[in-house]
Amino acid sequence: MRAYPIARSELQRLLLDAVKPAPVHLGKRAISYTTTATDVTVSFEDGTSVTGDFLVISDGTHSKLRNQITGQEIERKYVGYINWNGSI
C-alpha cells in the first residue's frame, strides 16, 4: 500500500472546508464519545461535552478515540517509510 502524505495545514484546511458550517473545537482534548441513532456526543478532558450530527476524529498518531471506535488497542507500527515535510 502506497502512502499519500499530505501537509498538516492542507489536511486541516480540507477538514475545515468539509464540515462547514459545523463548529470546530480547538485547544480541547477529546477523551470519549457516545452515539445514538440521531447524534453523537463527544466528551472533553475539561469536563465539557458537545452533541452534533457527526464527529470527525483527527486527533493524531496517539489517538485515544481510534481505540474506542475500533474496540481494541491499536499499536503503532513502523511501516517502512519516513516522511520529512518542509516549506521554502
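A salt bridge is taken here as a side-chain nitrogen of Lys or Arg within 4 Å of a carboxyl oxygen of Asp or Glu. By that criterion, a search of the whole structure returns five salt bridges. The structure is a predicted model, in which local features need pLDDT of at least 70 and side-chain atom pairs count only at pLDDT 80 or more, while totals for chains, interfaces and linings use all residues. Residues are numbered from 1 along each chain as its sequence is written, and side-chain values use heavy atoms, with hydrogens and water left out.

Asp17 takes part in a salt bridge with Arg13, at 2.8 Å from N to O. The two residues are four apart in helix H1 (residues 8–19), which means that about one helical turn separates them. Helices (H or I, at least four residues) and strands (E, at least two) are DSSP runs, numbered from the N terminus. Asp17 is partly exposed, with a relative accessible area of 38%, and Arg13 is also partly exposed, at 38%. For these classes, buried means under 20% relative accessible area, exposed over 50%, and partly exposed in between (1.4 Å probe, protein chains only). Asp17 also meets Lys20 in a salt bridge, with an N to O distance of 3.5 Å. Lys20 is exposed, its relative accessible area being 59%.

A further salt bridge brings in the loops. The side chains of Lys28 and Asp46 pair at 2.9 Å, N to O. Lys28 sits in the loop between H1 and strand S1 (30–35), and Asp46 in the loop between strand S2 (40–44) and strand S3 (49–52), so the pair ties together parts that are 18 residues apart in sequence.

Not counting residues up to four places away in sequence, Lys28 touches Phe44, Asp46 and Thr48, where contact means heavy atoms within 4.5 Å. The side chain of Lys28 makes a polar contact of 2.9 Å with the side chain of Asp46, and another of 2.7 Å with the side chain of Thr48. A polar contact is a pair of N or O atoms within 3.5 Å; within protein, one must be able to donate a hydrogen and the other to accept it, and residues adjacent in sequence count only if both atoms are side-chain atoms. Lys28 and Thr48 are 20 residues apart in sequence, and their C-alpha atoms are 9.5 Å apart in space.

Attention now turns to the nonpolar side chains. The largest nonpolar core has six residues in all: Ala30, Tyr33, Val40, Val42, Phe44 and Leu65. Such a core is a set of buried Ala, Val, Leu, Ile, Met, Phe, Trp, Tyr and Cys residues joined through side-chain atoms within 4.5 Å. S1 and S2 each supply at least two residues of this core, and S2 gives the most, with three. Val42, a member of the core, touches Ala30, Ser32, Tyr33, Thr48, Ser49, Val50 and Leu55, leaving out residues up to four places away in sequence. In soluble globular proteins, nonpolar side chains tend to be buried together.

Some nonpolar side chains are found on the surface instead. Ile6, Leu11 and Leu14 form a nonpolar patch there, with about 230 Å² of accessible area together. Patches are made of residues with over 30% relative accessible area and no salt bridge, like charges being joined within 9 Å and nonpolar side chains (Val, Leu, Ile, Met, Phe, Trp, Tyr) within 5 Å. Accessible areas come from the Shrake-Rupley method with a 1.4 Å probe, and for residues only the protein chains shown count as cover. Leu11 belongs to helix H1 and is partly exposed, with a relative accessible area of 38%.

Two further residues complete the account. Asn67 lies in helix H2 (residues 65–70) and is buried, with a relative accessible area of 16%. A polar atom of the Asn67 side chain lies 2.9 Å from the backbone nitrogen of Ile74. Beyond its neighbours within four places in sequence, Asn67 is in contact with Gln72, Glu73 and Ile74. Thr61, in the loop between S3 and H2, is partly exposed at 40% relative accessible area. With neighbours within four places in sequence set aside, Thr61 is in contact with Arg66 and Arg76.
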